[in-house]
Amino acid sequence: MPRITESEIAEIVEAILEDGPATKATIAELVAEIPNRIVLSAEDLAPSTTRPGEGIWEQQVRNITSHKNSPGNAIHDGKLI
């Protein structure tokens, strides 16, 4: 199974926010919920080389904010704030 993309992570975040009563969530809440919504591959679960203690997929959750000025990013494109 290939690694999940940042765009796919953002789509899951959008679904979490749409499904729940709250219109916002913390990174910790998203990190806790995402594995309930998708099967993460061994590559996704591998440790991040730049963020000790995090899996690569967790880094991708944080990257949604980090890459907010890039076209194609969910924040940049107005899907998330």
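Start by selecting Glu54: at 12% relative accessibility, this residue is buried (buried is under 20% relative accessible area, exposed over 50%, partly exposed in between, with a 1.4 Å probe and protein chains only). Before you click on, know that this is a predicted model, where local features need pLDDT of at least 70, side-chain atom pairs count only at pLDDT 80 or more, and totals for chains, interfaces and linings use all residues. Residues are numbered from 1 along each chain as its sequence is written, and side-chain values use heavy atoms, with hydrogens and water left out.

Glu54 forms a salt bridge with Arg62, and their closest N and O atoms are 2.4 Å apart (a salt bridge is a side-chain nitrogen of Lys or Arg within 4 Å of a carboxyl oxygen of Asp or Glu). Arg62 is partly exposed, at 32% relative accessible area.

How many salt bridges are there by this rule? The count is three. For the others, select Asp19, Glu33 and Arg37, which are linked in a network. Arg37 pairs with Asp19, with the closest N and O atoms 2.7 Å apart. That pair links distant parts of the chain, 18 residues apart: Asp19 sits in helix α1, Arg37 in the loop between α2 and α3 (42-45). Helices here are DSSP runs (H or I, at least four residues), numbered from the N terminus. Glu33 also bridges to Arg37, at 3.0 Å between the closest N and O atoms. Color them by accessibility: Asp19 is exposed at 54%, Arg37 partly exposed at 35%, and Glu33 partly exposed at 25%.

Next, the pockets. A pocket is an open set of points on a 1 Å grid over the protein atoms alone, where a 1.4 Å probe fits, with protein on both sides within 12 Å along at least five of seven lines; lining residues have an atom within 4 Å of a point.

Select Val13, Leu17, Ala25, Leu30 and Ile81: of the 14 residues lining the largest pocket, these lie nearest its centre. The elements giving two or more residues to that lining are α1 (6-19), α2 (27-33) and α4 (56-66), and α4 has the largest share, three residues. The volume is about 290 Å³, meaning the space filled by probe spheres set on the grid points, which are joined across faces, edges and corners.

Last stop: the second largest pocket, about 160 Å³. Pick Ser7, Ala10, Gly72, Asn73 and Ala74, the closest to its centre among 14 lining residues. Here α1 gives the most, five residues.
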